[in-house]
Amino acid sequence: MSKKYVYLFQEGKASMRDLLGGKGANLCEMTNIGLPVPPGFTITTEACNEYYTNGENVPEGTWEQVWPALAEIEASTGKLFGDKVNPLLVSVRSGAKFSMPGMMDTVLNLGLNDDTVEALAANTKNERFAWDCYRRFIQMFGDVVLEVEHYVFEHILEIAKEKQGVQYDSELSPESLKWMVSEYKKKIVRNTGNPFPMDPREQLKLAVVAVFRSWNIDRATFYRRINNIPHDIGTAVNVQSMVFGNMGTDSGTGVAFTRNPSTGESALYGEYLMNAQGEDVVAGIRTPNPIATLAKENSEIYQQFVDISKRLETHYRDMQDIEFTIERGKLYILQTRNGKRTASASIRVAVELFHEGVINKEEAVMRIEPDQLDHLLHRRMDTDATLQVLAKGLPASPGAASGRIVFSAEEAERLGNVGEKVILVRTETTPDDIRGILAAQGILTSRGGMTSHAAVVSRHMGKPAVCGCDALKIDYAKGLLAIDGVEYLQGTILSIDGSTGRVIKGEVSMVDPELSEGFKEFLDWADEISRLKVMANADSPTEALNARDFGAVGIGLTRTEHMFMDPERIPIVQEMILAQTLEEREEALTKLLPMQEEDFYGILKAMQGLPVTIRLLDPPLHEFLPHSEELVVEITKLRISKNDSEALFKKEILLSKVRALSELNPMLGHRGCRLGVSYPEITVMQARAIFQASARLIKEGFDIHPEVMIPLIMGKEEFLMMRELVDDTAKLVMQEQDVHIHYKVGTMIEVPRAALLADEIGSVADFFSFGTNDLTQMTMGLSRDDAQGKFLPVYLEKKLMKTDPFVVLDRAGVGKLIDMGVKLGRSTNPDLTLGICGEHGGEPNSVEFCHLVGLDYVSCSPFRVPIARLAAAQAAIKNQGK
């Protein structure tokens, strides 16, 4: 007996998401709780995966299960597939386990041909409706299944409207629609070499395969990659009896959320169109009406929908995104799913559902994706700024952005990748624009509503968006948009406010966001649940205060070399590097000492009561000197001019020093503690600056906890040598200042050998901080700066790696070294404090790994602290008992 690949809606349930996909599982669930769902069946994700395993062949036995399931739909509806008297039409839709809105393919009105269209017209007594369905079906099938470019059909549509002298699709006459169908079929023959298929069963087979095929199209693959959705889970295919929203003024279609997806307010929020099909609303082809106006247009249907919405939210215990159709006065529910929402709305919904007694704290904490919190930190327009408002559209996704306008996703991606800030301006966006949306600062469209593709995707990505701004007249050919007769060329700077819908001339000053009380309450719950502490990487008092505001419980990494990069200090640093004798070097260090002391004073003061880990100088010294190429140019110019022999002499000395310090592989060269071994006076100066700042603060009554971190050690011997310098300096300062400073000395584990010898090092260290950036480079033999820009994308594309190891911690290799280091270190020092301070400290998957191996803390950039706090709590919930 062959595997079961097909499930009728009454056979499935919500818990079967892995097998039936999110859409299919929810259709089954709604059917079984008695909601008005058009009958249908789901072809499983297993069938999709086996389709690819079998060399893109549908698994054996699938069609033998499809036809009996189709017969069940026929029995339920009283219609027959392909019948010339009472034909059944179906939709064919994708549906993966995780929602991927608009990324894969859909075909509506399947089953129409030259005979069934006439039957549909006779049965409905509406010739225009029947031929409108037929032209939509051929257009969608031609695009999705037969791969004829979308614009081919759009061009014919525009000609038809122009010939008849109408503005909207809904105004086209039956004659115009028949002409379009004929032209569509001619274009298909010209483009494919084959006639449009008239056999409904062949249509269904081809459409199912097209949906399977769409799992691996570029936009779907790209969407999965940026949203960390596995590539191997496949999509289900949902085949469902068609209901029609375009049968006249008593029919319609819409999308609604049970709560506001922008703000989280507990009020029905959505849009609908009468006499329309679903893609008209989602694609923004016509600007829809707010759902509230349906109460006036048809109060009975509106109340039914309100009741069903409340029932679905109660059943799923979360905000729902619902698609519906009204056919001749009867309401049908086509889909429900947990609604995508902005980060601020996610927080508000979770907090309010907790206070309503619907979910507990742990469930609330699990409701928000950690990376969503990054969206809360978007800036908004300064209320004191003078604004020249050019136009106003719909406030589709909150936040504000300024940038140069571009009119194509390709241009947005190209400029965004080189650091340009751009606003993507489109009539409406499509799923193919996903790369451009990701690269842009914000999205502006002339058509489409609050549930259009642009609005939904922008909210999900945390991008500000203004949609349905019909004052915009876009000319793609000329690369310009016009507003009230004034033209703005591509490259012109505009600003958008996604919270108000305003389009503003020029660049606007922005202010940092203010975090709501609900957000703070939510993160307090996360802290109650998590075991891992979250600290921050900060190199200045301002960054330290930001980190504290975001809930960091200390500084896990202060990089002292960033302080040396100050333009006022570079000459003194260079003087230190170029010193020929110890006396000359110490003279330069004496000048740097008070500057470093003030740096540490400010950071320690900002974090009073909390630990501050200060890493001693780490990079190679040549980084503080000019590039040799620049010096050669300057020297050549001085030699030619012969005007300044003294300057020429100094530049030549500097060049010789730069060349002497240059290394073939500086990342593995004279840096970190190796500088301290060669030049112990540098370590002593930095230690003195730390302890003198600490002594001042203690005398002023501050509670401070300095921790000194020795970078890049290979073994116990180096660490002991450096620790002795630090301890001796601490004793001297404490004697001089007559204070006691409680401090720790630890190390950064970033060399594989240090992880392997962690038991030896742990016996003499107070703490370890795993430097996962360098540890990844050295373990995997990868240069981050070279690999990420060159061959790593190829590895990801060819699936040799699942993720970029510099973004998501490599658990299999680097993680094994960390796990070993943790166990070895604690074997000789049970009180050893352990954490990480690389970029991985704010990445959710990596934070979970840190929880699993028993680290005490993670440290990340200040703006990622909320993300790490939530990720730490979710790790504790998901891995209870581990």
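This is a predicted model: local features need pLDDT of at least 70, side-chain atom pairs count only at pLDDT 80 or more; totals for chains, interfaces and linings use all residues.
## Strand E5 and its partners

Strand E5 is joined by three bridges to strand E6 (residues 106-110), and the two run antiparallel; strands here are DSSP runs of at least two residues, numbered from the N terminus, and two of them pair if DSSP finds at least two bridges between them.

Residues are numbered from 1 along each chain as its sequence is written, and side-chain values use heavy atoms, with hydrogens and water left out.

## Burial of E5

Seven of the seven residues of E5 (residues 90-96) are buried, so the strand is largely enclosed by the rest of the structure. Buried means under 20% relative accessible area, with a 1.4 Å probe and protein chains only. On one side lie Val 90, Val 92, Ser 94 and Ala 96, and on the other Ser 91, Arg 93 and Gly 95.

## Nonpolar cores

A nonpolar core is a set of buried Ala, Val, Leu, Ile, Met, Phe, Trp, Tyr and Cys residues joined through side-chain atoms within 4.5 Å. The largest has 113 residues, of which Phe 522, Phe 691 and Ile 710 touch the most other members. Apart from it lies another core, of 87 residues, including Val 92 and Trp 215.

Methods. Buried means under 20% relative accessible area, exposed over 50%, partly exposed in between (1.4 Å probe, protein chains only). Helices (H or I, at least four residues) and strands (E, at least two) are DSSP runs, numbered from the N terminus.
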